[in-house]
Amino acid sequence: MLRRCGNLGRMLRLVLAILVTALALAAKGPVYVLLWFDTEDYMEPAADDAALRIATELEKMGVRATFKVVGEKARVLEARGRRDVIRALAGHDIGYHSNYHSVQPTPALYLRDMGWLDGAADFERRERPGVADLQRIFGVTPSCYGQPGSSWAPQAYRALLRLGIPVYLDESDHVGVEEQPFWFAGMLNVFHMGRYVMRFPLADESQAPQSMAKFDRAADALEARGGGVISWYYHPTEFVTSAFWDLNFAKGANPERSEWKNPPRRPVEEAERCYRIFLRYVEHAKARAGVRFITARDLPLLYESASVRVKDRALIARHMSEKQTFLATDAGTLSAADMLQVLLGMDPAAVEGPVARGETTDREKEIPRAAFERAKADAAGIIRANRRLPAEVWIGSKKLSLPDFAATLAADDGASAGVAVRKGNPEMEKYITTDPSGTFSWPIHPEGFSAPQLLELARLQAWTLKPARLK
Ligand SMILES: [Zn+2]
């Protein structure tokens with residue numbers, strides 16, 4: 001009897017242990033690995049073979065990657081008759097990596113002193129032909145865009161949406177939220193990924209164990225926080241060259257095509273080592289339970305769309321009266337722009353941030369009810385007509401800056417005879433870097449390059465910033 005009890009106890013414990021393990025596994029979030037290649041070297045023909053080799057090897061392993069192709073690279077592949085490379089890349093996902101990459105002037109350089117609308121128009125004018133060439137050569141609209149080097153600029157976002165590109169995929173620290181995908185200026189971004197960005201050394205085998213350990217730590221952390229994305233990138237040219245092809249354009253240089261020098265090649269055995277180490281990394285990642293390789297084209301399907309329907313106006317009012325920044329609710333994540341629209345009685349739609357920083361000229365402590373209601377209707381009309389937030393809102397002949405207006409609106413009880421003016425607190429701006437030089441540091445930019453105005457435009461677009469949430 002005693003003995004039978006012991007057996008039963010052991011069995012129960014075993015069943016319990018299995019249940020606990022199963023529950024723990026089920027609770028772990030999915031780890032999506034976004035493997036991408038900036039396919040940009042249009043000088044060294046060996047880089048064409050490198051792209052082919054990587055695409056082919058990954059296909060054999062059943063792994064799909066995202067190849068962000070430069071417009072000129074696509075045209076050069078076509079001119080060199082490399083249908084084999086084009087076909088192999090087209091079997092994966094195709095993104096866009098600018099029309100000429102490092103040929104001067106690069107995007108941050110020509111956009112540095114431009115505004116939101118004129119800058120977006122010029123980016124679109126320069127980049128539309130590259131997107132059209134990719135469509136013609138690969139048969140698809142690119143799934144994503146990422147800037148050359150650190151030549152990031154917020155005006156690109158408006159243009160990219162107009163070009164039909166919904167995802168921003170790259171790595172830099174201009175803007176980011178919690179080291180995971182986020183919405184900014186209407187695009188889904190994988191950017192500034194912190195612990196979750198991988199770029200392991202290729203030529204040095206001795207570093208492989210610590211690289212794989214880093215991947216595992218990132219995957220563990222993501223599983224614990226309910227799942228997310230690991231962003232992992234290379235350039236095909238790195239496998240076969242020992243210096244970047246675009247140093248031809250270093251420090252703002254503008255050489256003629258006839259003067260371009262090809263990059264130095266890696267010795268064949270070293271290149272082979274790079275492929276071997278890289279494939280070991282991929283094998284390692286692929287072998288881990290819960291890991292799924294995805295492409296930029298999959299991303300919008302895995303994340304909730306940016307549009308939300310919200311009912312909890314009181315929660316929003318409380319939040320926005322204290323600070324203007326995004327808010328996570330049960331209904332989804334809300335940007336400050338979403339919430340401003342809700343407070344104005346609108347259904348939140350995709351809008352742009354203001355084009356300038358407005359100024360408060362109304363020094364009264366209170367605004368008469370009727371005047372404030374007219375200002376609200378005016379603000380809603382502007383947003384509806386322009387699909388953009390105003391920089392400031394008129395109260396008769398005086399104005400409130402957008403943050404001051406939002407805080408005042410949020411704190412208003414809707415009934416009192418006078419509406420108390422509150423000062424805004426645009427906390428969302430802290431997600432934009434404050435370093436206008438270091439963050440644009442890139443060997444191709446002219447020496448001492450700095451772009452504070454681009455960061456200011458980005459701070460204004462931070463009205464649209466919010467974390468993306470997995471479905
Ligand atoms: Zn690049």
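The model is predicted: local features need pLDDT of at least 70, side-chain atom pairs count only at pLDDT 80 or more, and totals for chains, interfaces and linings use all residues. Residues are numbered from 1 along each chain as its sequence is written, and side-chain values use heavy atoms, with hydrogens and water left out.

Start at the zinc ion. Its protein donors are Glu40 (OE), His97 (NE2) and His101 (NE2), at 2.0 to 2.1 Å. Donors here are N, O and S atoms within 2.8 Å of the metal (3.2 Å for Na, K and Ca); water is not among the atoms, so sites may look incomplete. Along the chain, the donors of the zinc ion follow the spacing E-x56-H-x3-H. Glu40 and His97 link distant parts of the chain, 57 residues apart. Glu40 sits in the loop between strand E1 (31-39) and helix H2 (46-60). His97 sits in the loop between strand E3 (93-96) and helix H5 (107-111). Helices (H or I, at least four residues) and strands (E, at least two) are DSSP runs, numbered from the N terminus. Glu40 is buried, at 4% relative accessible area. His97 is buried too, at 1%. Buried means under 20% relative accessible area, exposed over 50%, and partly exposed in between (1.4 Å probe, protein chains only).

Now the cysteines. The structure holds zero disulfides, a disulfide being a pair of cysteine sulfur atoms within 2.5 Å. Cys144 is buried, with a relative accessible area of 0%. Cys274 is also buried, at 0%.

Helix H7 spans residues 155-162. Its buried residues include Gln155, Tyr157 and Leu160. Just after H7, Gly164 takes a positive phi of about 85°.

Strand E14 (residues 392-395) has Val393 and Ile395 on its covered face. Glu392 and Trp394 are on the uncovered one. E14 pairs with strand E15 (residues 398-401) in the antiparallel sense, over four bridges. Strands pair if DSSP finds at least two bridges between them. Ile395 has Lys398 as its bridge partner in E15. Two residues lie between the strands, and Gly396 takes a positive phi near 65°.

What does the lining of the largest cavity contain, by class? It has five nonpolar, three polar and three charged residues. Among the lining residues are Trp183, Glu304 and Arg469.

Note on methods. On a 1 Å grid over the protein atoms alone, a cavity is a set of points where a 1.4 Å probe fits but cannot get out, and a pocket is an open set with protein on both sides within 12 Å along at least five of seven lines; lining residues have an atom within 4 Å of a point. Ala, Val, Leu, Ile, Met, Phe, Trp, Tyr, Cys and Pro count as nonpolar, Asp, Glu, Lys and Arg as charged, and the others, Gly among them, as polar.
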